[in-house]
Amino acid sequence: MAKIIKNFTLNNSKKNLNGVVPIKDQCYKELEITYDWYREKPLNILTQKKKGGPIDVYKEFKGDGRVVRVGLEFETGNISSAHRSMNKLLLGMNHQELELGVILMPVYALSYYLTDRVSNYEELEPYFELAEYTPFIFIGFNANQFDPSVEAIPKGKDGMSKRSIKKMDGKIIIKPPHSFHHGDN
């Protein structure tokens, strides 16, 4: 995962200054283009229940005559959203739709400078034991550097940013992603 989230420098001049969607979009873009992941994979169990949204990104790894289905949630919402993401992935594993669940989220040191009330690794950590006997990975990430002189990462205006999406159905919709200073890439 270290290769996916590129090195970036974050403006740390003020609490809650930076947006989160461009960070998430950079990760999605790298997963889609370089590693052939797909966005917005619905789980059959949630479709049947008519509740819950799709998995953020999904990939099937094939080899040795078997398939390992992996769902990844990039969590940049509040703590309730982080719990929903965790529950969605666990539900997918319980219903044999996933073999591995991954949650990727900022650590506290980073979340302090992101949009207000973004959950963080340390905030969700007390609940990791709920996934203790399942193939589940929790990944916390941080900026490589903090510098108050770099441009702040833009915040979305309506909660939905323009982005390129490679959906499971194979359709590709290309829209220009946000840009931000992200160091050496």
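Predicted model: local features only at pLDDT ≥ 70, side-chain atom pairs only at ≥ 80, totals over all residues.
Reader: Which element gives the most to the lining of the largest pocket?
Author: The elements that give two or more residues to this lining are α1, β2 (38-41), β3 (55-63), β4 and α3 (79-94). Among these elements, the one that gives the most, with six residues, is α3.

Reader: Which residues that line the largest pocket are the closest to its centre?
Author: The lining of the largest pocket is made up of 31 residues. Of these, the closest to the centre are K24, D56, F74, T76 and S81.

Reader: Which element gives the largest share of the largest nonpolar core?
Author: This core has 25 residues, and the members that touch the most other members are L10, F74 and L110. Two or more residues come from each of α1 (21-35), β4 (66-74) and β5 (100-106). The largest share, five residues, is given by α1.

Reader: With which residues is L110 in contact, leaving aside its neighbours within four places in sequence?
Author: L110 belongs to the largest nonpolar core, and contact here means heavy atoms within 4.5 Å. Once the neighbours within four places in sequence are left aside, the contacts of L110 are F8, L10, F141, N142, A143 and F146.

Reader: How many residues are in the second, separate core?
Author: Among the members of this second core are I55, I79, L89 and L124. The core is separate, and its residues number 19.

Key. Residues numbered from 1 in each chain as written. Heavy atoms only, no water. Core = buried A, V, L, I, M, F, W, Y, C linked by side-chain atoms within 4.5 Å. Buried < 20%, exposed > 50% of the residue type's maximum accessible area, 1.4 Å probe, protein only. Helix = DSSP H or I, 4+ residues; strand = E, 2+ residues; numbered from the N terminus. 1 Å grid on protein atoms, 1.4 Å probe; cavity = no way out; pocket = protein on both sides within 12 Å on 5 of 7 lines; lining within 4 Å.
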